[in-house]
Amino acid sequence: MGKVKVIAEIANAHWGDLRRLRELILAAARSGADGVKFQWFHYDSLAAPDFIHYQTYIDLFIGKQQWAEAVRLAKAEGLEVWVDLYDEWGVGLLAELEDQVDGLKLPTTVLQSLPLIQGLHKFNKPLLIGVSGWLKEEMDTQLSYIRSHFKGPIVLMHGFQGYPTRTEDSNLSRIAHIKQTYQLEVGFADHEDADHEMAVDLPVYAYLLGASVIEKHITLNRAEKGIDYYSALTPEEFGRMVEKLRRAECVQGILEIKDSERRYLEDSSLRIVSRRELRPGEMITPENICYKRSSMPDAFMARNASVQFPMIATSVIPANTPITPGKVKAPKICIAVICRLKSTRLRRKALREIHGIAAIERCLMNCLAVPGGYEVVLATSNLPDDQPLTAFTLNGQVKVVTGDPDNVAARMLSVAEAVQADIVVRVTGDNPAVSPEMLKTLIGRHLASGADFTYAKESTMGTVGDIFTVEALRRLLHYSNPLTHAEYLSFYFFNNPHLFKINAVDLPAEWVHPEWRLTMDEIQDLELFEAAYQALDVGPRPLFFEELKAFLQEHPEVAERNRGIQVKWRDDTELVKELNAATTLNNNDNVSGASNDDQ
């Protein structure tokens, strides 16, 4: 909440004696007050001669010249000067001494004087307003009027003003209530019996409950029982109150976390530690880390795990080692479109046009549309027959990498090395309508799982790809090089769960249409795409699955054009058996299933 402002209320403790006034100002300064508050009035301006205290006002009266000297003394002692205003005479004196006055107060008893409030509108000073005893409706009305006639900041002063004041009438809970209700600073000005121990402690409680200004009467000697003595503290008592308030400020502190507290938290907090040895290029996820205390100052905090991870290990991280920024990096993802021109069923199908645009270009455009802005690479072979594909850079948006004609894993590794990727999304080039939406979902699930290989359990054929962590591809090539059935790469992961972590993803049901065939291997497939793209008039832009799905649902006859075509890797049981045997490493049990790998 910050520093509390302590104002020593001199009020009428001077008894009209200039010497006593001077001593009170000096006592307030020695006691540690931030400011003093005077009461300015003229007996004839404040009261009619028949008023019971009229003669007292005459006895207490101090002239303008004497007040000017008092103000100069207070300023010389480093005190702020605050003034209670009761009448037009006081407003006139304020006009003369305006530059030396720091703030004003309107006592509760004079708030009914609209001319007095109107007279203050030209003074841009902080204003204290006593609100003790006000009902809400009265406060709403009065504050609305004051705000409309006053330019300076306003502080509402809570505190029972009667004599004697019972401790239980302090009602400190109203401080927070008033502050919240009116969105204004709140102060505290009490009249507790000064002989009671609570006279010193109540202001401290008020500060801790939200009061930013403390106003307290001060007197030179309470035993003399002069005017305003009842609740006034002696200089020694006032100093003790100020000392307690300053200690309360230290206890209260500030909203910002202190450096010492932060250092303790950082020195003692849990850090992210490797649960086992992590290989270079391996994805670091919650499964392979744990949280322990560590003296390594730059190790990742456990509380940041959800923000920082997954990450990729850049070097070997031994088990039980704190993980630091220098050991990891954010994973880079690329999309590799695997394509060749060797197809015998639909010759050079990647170059066939769909509504005026080559099928491979359609595929690349959809890959570029995957949310996240991933780098897209066309991965073909280094054989002369496949060189026409190297022209499909889409005006430099797509990088082309040529490599091993037969070993798809090696070719994908070449792609990863060319663009320094840690994760490769594999898309086959015979899927012109691959779904940007589905690829984005699979990427998110792969990162969350930390898997070596991610695929969709069920999908609409031709709309998805699969995802490989590059480190896993390197391990595969280490276990079996060359791969004997590289065009069926996913079989090596399905059939070796003891070597690779596999993540099978359930796509949303609305994306799964197993009755549709949206890949391109036969002339009927090309006819389906031509009909759909022509009807939708899809120019050089991506076609999202939702748009294509809506069309096929409205035109089921188009989806019927290629129904019944067999999928070799799925429907040929002998081939599946052969693949399972050939791709199972170290003689482990077979696991059937794969994706279309005509690459």
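## Nonpolar cores

A nonpolar core is a set of buried Ala, Val, Leu, Ile, Met, Phe, Trp, Tyr and Cys residues joined through side-chain atoms within 4.5 Å. Buried stands for a relative accessible area under 20%, exposed for over 50%, and partly exposed for values in between (1.4 Å probe, protein chains only). The structure is a predicted model, in which local features need pLDDT of at least 70 and side-chain atom pairs count only at pLDDT 80 or more, while totals for chains, interfaces and linings use all residues. Residues are numbered from 1 along each chain as its sequence is written, and side-chain values use heavy atoms, with hydrogens and water left out.

The largest nonpolar core has 71 residues, and Phe 38, Trp 40 and Leu 156 touch the most other members. Helix 9 (residues 198-208) supplies the largest share of this core, 7 residues. Helices (H or I, at least four residues) and strands (E, at least two) are DSSP runs, numbered from the N terminus. Another core, of 59 residues, lies apart from the largest one and has Leu 389, Leu 394, Leu 507 and Leu 548 among its members.

Contact is defined as heavy atoms within 4.5 Å. With neighbours within four places in sequence left aside, Leu 156 is in contact with Ile 129, Val 131, Met 139, Leu 143, Ile 178, Tyr 182, Leu 184, Glu 185, Val 186 and Gly 187.

## Aromatic rings

Rings of Phe, Tyr and Trp (its six-membered ring) pair if their centres lie within 6.5 Å; planes under 30 degrees apart count as stacked, over 60 as edge-to-face and the rest as tilted. The whole structure contains 17 aromatic pairs. One of them, Trp 40 with Trp 67, is tilted, at 6.1 Å centre to centre and 50 degrees between the planes. Trp 40 belongs to strand 2 (residues 35-40) and Trp 67 to helix 4 (residues 64-76), so this pair ties together parts that are 27 residues apart in sequence. Trp 40 and Trp 67 are both buried.

Phe 51 and Tyr 57 form a stacked pair, because their ring centres are 5.9 Å apart and their planes are at 25 degrees. Phe 51 is partly exposed at 36% relative accessibility, whereas Tyr 57 is buried at 19%. One aromatic cluster is formed by Phe 453, Tyr 455, Phe 468, Phe 493, Phe 494 and Phe 500.

A charge sits over a ring if NZ of Lys or CZ of Arg is within 6 Å of the ring centre and within 35 degrees of the ring normal. Arg 20 lies over the face of Trp 15, at 3.8 Å from the ring centre.

## Cysteines

A disulfide is a pair of cysteine sulfur atoms within 2.5 Å. The structure holds 0 disulfides. For Cys 334, the closest cysteine sulfur is in Cys 367, 11 Å away and too far for a bond. Cys 367 is in no disulfide either, and the nearest sulfur to its own, that of Cys 363, is 4.4 Å away. Cys 334 is buried, with a relative accessible area of 0%, and Cys 367 is buried at 1%.

Ile 117 lies in helix 6 (residues 114-119) and is buried, with a relative accessible area of 3%.

In helix 22 (residues 573-583), the buried residues include Leu 575, Val 576, Leu 579, Asn 580 and Thr 583. They cover an arc of only 135 degrees around the axis, so they are on the same side of helix 22. The arc is that of the directions from the helix axis to the C-beta atoms. Thr 573, Glu 574, Lys 577 and Ala 581, on the other side of helix 22, are exposed.
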